[in-house]
Amino acid sequence: MPERKVIWAGENHLTFFDRQNAGEAVDPGRFVAVASLPVNNLNTRSIVLTSNGADAIVLASVAAPVWEGNIIRPPSARVVERWNLATRTRIWSRTLPAMPNIQTGASSTENDDLLTLGPRGLFATRCMQMIARSQTNCHVVALDERTGAMGASEAWTFTDFPFSWSNHDSQEVSKGRRHTLVNAYRYWQQFPHFLVFDDVGRIVGRVRASCARFADDNAEQMPTILVDEQSNLEENADVSRRFRLIKDASACQLQQHLTDARKYQRTDDTYPLTSQFNWIGGGRRIVWSSLTHRISAPGELPKAHSVDVGRLGLPAPLSPPPGAADADVLFAGSGSDLYAYTKEKIFHLEDTGFVFDSAKTGQGVLFSRGNEALMATYAGLDASKYVLSLGKRKPGKPGFTWQKITAVSQFRPDFISFENAGRPQVLIAGGKQGLQWVDTRTGQVFLRSCAPGAPSPNPCSDRKAENDYRGLVLSSARKTAFTVHLKDQSTRYNNSFDEIELSTGKTLRSFPAPDWSTSDPLDLPMGWLEKERRFWVVGHDFRAGRSGASVTIVTLPATDGAEPHYESFATHSQPAHIGADPEGRFFVAARGADTIDVFAPHGALVLTMGVRADGSFAQAGDGRFACTGKACDEFRCVVGNVARQVTDPACAAFRVEGFSIVDELARIEKARAAGKASRPE
């Protein structure tokens with residue numbers, strides 16, 4: 001786009017960059033962040049700026065399994081929003097209707113998207129390749145630029161050649177905004193090409209070139225398109241009737257802008273760190289560990305860091321367990337407990353640091369619930385991947401007593417303990433083995449819930465996908481529990497949240513659940529956000545990208561027979577590396593480069609925090625930051641159109657001593673409430 005050189009988009013923020021003017025630059029080579037918009041849960045597909053450059057209009061796909069209180073089924077919902085760059089506020093939002101004829105001969109459930117803003121108004125174009133050879137179906141809908149109201153729509157079919165421009169990395173608008181140039185592709189063809197759309201969102205031709213852009217001339221009826229010097233103009237004869245095509249070495253200028261921008265987004269660390277969550281504890285501290293991207297050498301300790309939730313401060317290193325300098329150390333735990341364990345020992349984190357707790361019985365994954373624990377040891381036996389052991393200890397005393405049980409799991413399991421008629425029991429959700437009830441006195445599985453049908457003492461058939469249960473959350477009365485029931489994946493849209501009666505194993509209630517991606521191992525951890533009213537579940541949603549997790553929050557209905565209310569938001573984290581505050585106040589997700597994101601329960605990104613080789617940092621969405629040491633080298637504050645180094649006096653207004661997560665949560669909730677009050681209906 002002529003007004004902005006670089007656009008960087010993510011699921012939780014959309015940031016616009018512009019190149020600094022050479023005469024004003026205090027940090028040569030840097031791009032200036034013009035605005036960062038909290039475009040929550042949206043994967044940006046197309047962007048246009050208004051003619052004065054003050055507002056951005058965004059067409060996006062929803063990057064989470066729920067939108068506007070409803071579960072989304074493929075294809076992803078498409079949303080158009082208008083944002084003011086100066087105030088970072090949304091002016092209007094509009095959900096587009098589904099494309100017509102989407103189920104008739106389509107080669108995919110996803111479509112390509114383009115926004116066009118020209119002399120004749122605002123148009124949203126969506127196109128989808130069809131199974132029929134050389135056929136692409138498109139749908140264009142008009143929207144009111146000021147209000148977002150939808151107008152006339154048109155469906156049309158293009159048969160000259162099939163095309164796609166999904167995740168296009170370049171888009172050029174002609175001087176008079178009468179045409180748009182979009183980088184496209186065809187995976188079975190050798191030559192790259194660009195699509196040309198007119199000002200009502202209809203395709204008018206294609207340009208065969210490895211790079212192309214509009215020239216800065218005043219021609220509106222027959223604009224000039226500059227193409228790379230290697231292009232064969234004879235192959236572009238069809239489009240030459242409406243456009244002047246000129247070979248020019250400067251046609252690749254846009255790609256160079258993108259290369260520069262990516263270069264300056266990188267850090268200077270020799271060994272970038274990758275974060276992995278192991279625990280979020282007690283509501284007082286957050287602890288996460290990390291290793292370099294290299295394969296860890298034997299004896300290399302993971303680097304662990306903690307941050308205080310309630311006090312002002314920055315992430316600080318966490319001291320390793322005593323005597324563990326030459327040992328492989330793993331971190332594990334859940335709830336309010338963090339454990340570090342080696343081949344021989346388990347250490348428990350207390351206020352004074354790690355304290356020796358007990359001898360360890362074997363390598364495995366440790367899950368703790370106060371004075372009870374479950375250890376899952378990889379075995380790969382009898383259609384299972386893990387054999388399970390229960391750990392118990394007396395309150396206030398160190399050391400677990402371990403008991404091997406007959407329950408097994410295909411995934412990292414979840415468990416809850418309870419008593420039924422004075423009989424201590426544990427319920428385990430571990431994948432396609434069904435729900436398993438274990439007598440903790442004997443270690444034997446005495447009941448299984450295998451769907452369909454009533455609970456049974458007999459083993460579930462491992463060939464039936466209906467037996468797949470993952471995640472558990474216990475009711476306050478310890479009489480029922482909610483779990484995710486993943487049914488036959490060949491039949492879509494039939495996953496459910498089931499409420500199970502603990503004493504009998506019967507299903508009391510069942511609600512629809514999203515369709516998470518199950519191509520990779522997926523634990524689907526769960527927890528209460530608000531006791532007896534709202535619970536959360538973390539899954540991997542295909543809409544959030546290959547590395548994206550989504551948090552879905554289910555508000556239970558107040559009356560029997562009613563449907564629950566659903567909310568969800570997307571993150572950049574892998575599903576296993578996201579945790580929830582035990583008090584339900586916030587979620588934390590790990591990113592690369594040893595960075596963590598803190599999210600409010602409704603999905604707003606509150607803080608980004610992390611550490612570097614020498615120093616730590618934290619940054620809020622409104623540009624305020626805190627940092628120490630070399631971590632400060634990455635930060636700039638934007639004053640006017642200039643990105644200044646953090647040591648510049650002009651940055652003093654943006655710099656703070658530290659961040660309290662609870663204070664920032666209160667701040668963002670206040671801003672959100674004010675935005676709701678001022679937003680026009």
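## Salt bridges, sheets and cores in a predicted protein model

D648 is partly exposed, at 22% relative accessibility; the term lies between buried (under 20% relative accessible area) and exposed (over 50%), computed with a 1.4 Å probe on protein chains only. R644 likewise counts as partly exposed, at 22% relative accessibility. The two side chains meet in a salt bridge, 3.5 Å from N to O, where a salt bridge is a side-chain nitrogen of Lys or Arg within 4 Å of a carboxyl oxygen of Asp or Glu.

The model is predicted: local features need pLDDT of at least 70, side-chain atom pairs count only at pLDDT 80 or more, and totals for chains, interfaces and linings use all residues. Residues are numbered from 1 along each chain as its sequence is written, and side-chain values use heavy atoms, with hydrogens and water left out.

**Overall composition**

The secondary structure consists of three helices and 52 strands. Helices (H or I, at least four residues) and strands (E, at least two) are DSSP runs numbered from the N terminus. Of the 681 residues, 54% are buried. Among contacts (heavy atoms within 4.5 Å) between residues at least 6 apart in sequence, 47% join residues at least 24 apart.

**Salt bridges**

The structure holds 28 salt bridges.

| Pair | N to O distance |
|---|---|
| R644 and D648 | 3.5 Å |
| R146 and D144 | 3.5 Å |
| D113 and R45 | 2.8 Å |

The bridge between D113 and R45 links distant parts of the chain: D113 belongs to strand 10 (residues 112-118) and R45 to strand 4 (residues 42-49), 68 residues apart. D113 and R45 are both buried. By contrast, R146 is exposed, with a relative accessible area of 61%, while D144 is partly exposed, at 25%.

**Strand pairing**

Strands of a sheet pair through backbone hydrogen bonds, either parallel or antiparallel. An open sheet is formed by four strands in the order 33-34-35-36, with antiparallel pairing; strands count as paired if DSSP finds at least two bridges between them. Strand 33 (414-420) and strand 36 (444-449) are its edges, each pairing on one side only. From one strand to the next, the twist averages 25 degrees. Strand 35 (residues 435-439) is joined to strand 36 by five bridges, and Q436 has R448 as its bridge partner in strand 36.

Five bridges also join strand 16 (residues 193-198) to strand 17 (residues 203-208), again running antiparallel. F197 stands opposite I203 of strand 17. Four residues lie between the strands of this hairpin, where G201 takes a positive phi near 85 degrees.

**Nonpolar cores**

A nonpolar core is a set of buried Ala, Val, Leu, Ile, Met, Phe, Trp, Tyr and Cys residues joined through side-chain atoms within 4.5 Å. The largest has 20 residues, and I286, F586, V598, L607 and I661 have the most contacts inside it. At least two residues each come from strand 22 (285-292), strand 47 (595-599), strand 48 (605-612), strand 49 (615-620) and helix 3 (661-678). Strand 48 gives the most, with three residues. Leaving aside residues up to four places away in sequence, V598 touches F586, F587, V588, A604, L605, V606, L607 and I661. Another core, of 19 residues, lies apart from this one; among its residues are F511, M526, W528 and V537.

Methods
Axes are lines fitted to C-alpha atoms, for helices over the stretch in contact, and angles run from 0 to 180 degrees between N-to-C directions.
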